[in-house]
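I am opening a notebook on a structure that is new to me. I want to look up its overall build first, and then a few places in it.

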Amino acid sequence: MSIDRRSFADKPTLAKELAEAVAERINAAIAERGSAAIAVSGGSTPAKFFQALGKTKTIDWDKVVVTLVDERWVDETSDRSNAMLVNEKMLQGPAATARFFPLYSGGDEPTDEAIARTNALMADLPQPFAAVILGMGNDGHTASFFPGGDTLDAALTGAGPTLAIRAPGAGEPRVTFTLPRLLEADGLYLHIEGEEKANVLDAALGDGPVADMPIRAVLRSGAPVTVYWCP
Ligand SMILES: O=C(O)[C@H](O)[C@@H](O)[C@H](O)[C@H](O)COP(=O)(O)O
């Protein structure tokens, strides 16, 4: 495994350091390929990181596309929307000129047609991702790779780029990038905070089935993962 675990004193320090690392990846991708895409996670952890990254003036934001690792199947007016979180916390100030590619493509359910619309949009993403920033739940899920997910196998192995997934612990139906697509990244980061998540990561690094803790699929993929953690 190539897991680099980094610890930071507190949340603001972690947010600043992770924003700097991602900014470097974005700038390197723009220098090399003329544009950069990043995929970020939602949930409660990344707000400070989003704010720190969005304030970065050294990025040519109009060459950047921001998308999500996964999304709840809700529209952007829902307080459960990861898109709303990214818009409110990151795509302000200097980052307001970045383009945002939403995973939610309308309607009440992620039907095949809806996922086809999302996948058609994702065909225009600059590839590979300059950076992918994952989160992790206390049940060992990452992105929307939930234990018991109805399409978990396809989510971990399929070409996607995205698919629908439903799981007991997920709340709404979700849409998620598939793991092979997320691994196509210059930099892969796992952002977790608190003792409980450090313990969950320890457990995930131990033996046991991927289906019980799907983040194991990332950790066992062989792709270098940099973990950003603080208490
Ligand atoms: O939409 C989501 O819920 C996510 O992208 C998800 O994978 C998240 O990263 C984890 O659930 C951790 O969430 P917290 O940061 O809220 O603990």
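**Entry 1, ground rules.** I note that this is a predicted model, in which local features need pLDDT of at least 70 and side-chain atom pairs count only at pLDDT 80 or more, while totals for chains, interfaces and linings use all residues. I number residues from 1 along each chain as its sequence is written.

I looked up the secondary structure and found 8 helices and 10 strands, where helices (H or I, at least four residues) and strands (E, at least two) are DSSP runs numbered from the N terminus. The radius of gyration is 16 Å, close to the 17 Å that the globule rule gives for 231 residues, so the protein is as compact as a globular protein of that length; the radius is taken over C-alpha atoms, and the rule is 2.2 Å times the number of residues to the power 0.38. Along the principal axes, the C-alpha atoms fill a box of roughly 45 × 45 × 30 Å. Of the 231 residues, 46% count as buried, a word I use if 20 or more other C-beta atoms, placed from the backbone, lie within 10 Å of a residue's own, with exposed for 12 or fewer and partly exposed in between. Among contacts between residues at least 6 apart in sequence, 73% join residues at least 24 apart, a contact being two C-beta atoms, placed from the backbone, within 7 Å.

Strand S3, residues 64-68, is mostly covered, with 4 of its 5 residues buried. It runs parallel to strand S2 (residues 36-40), to which 5 bridges join it, and I count strands as paired if DSSP finds at least two bridges between them. From S2 the chain crosses through helix H2 (residues 47-54) to S3 in a right-handed β-α-β crossover, meaning that with the strands pointing away from the viewer the path from the first strand over the helix to the second runs clockwise. Val40 stands opposite Leu68 in S3. S3 is also joined by 3 bridges to strand S5 (residues 99-101), again in parallel, and there Val65 stands opposite Arg99.

I asked which residues of H2 are buried. They are Phe49, Phe50, Ala52, Leu53 and Gly54, and they pack against helix H1 (11-33), helix H3 (82-89) and strand S9 (185-193).

**Entry 5, strands S1, S9 and S10.** Strand S10 (residues 225-230) pairs in the parallel sense with strand S1 (residues 3-7) over 5 bridges, and Ser7 stands opposite Trp229 in S10. S9 also pairs with S10 in the parallel sense over 5 bridges, with Tyr228 in S10 as the bridge partner of His191.

Of the 15 residues around the ligand, Gly42, Gly43, Ser44, Thr45 and Gly135 come nearest, where near means a C-beta atom, placed from the backbone, within 6 Å.

Is Pro102 buried or exposed? Pro102 counts as buried because it has 20 C-beta neighbours inside 10 Å, and its place is in the loop between S5 and helix H4 (112-122). Asp186, found in strand S9, counts as partly exposed because it has 18 such neighbours inside 10 Å. Leaving out residues up to four places away in sequence, Asp186 touches Arg25, Ala29, Pro128, Phe129, Ala130 and Ala131.
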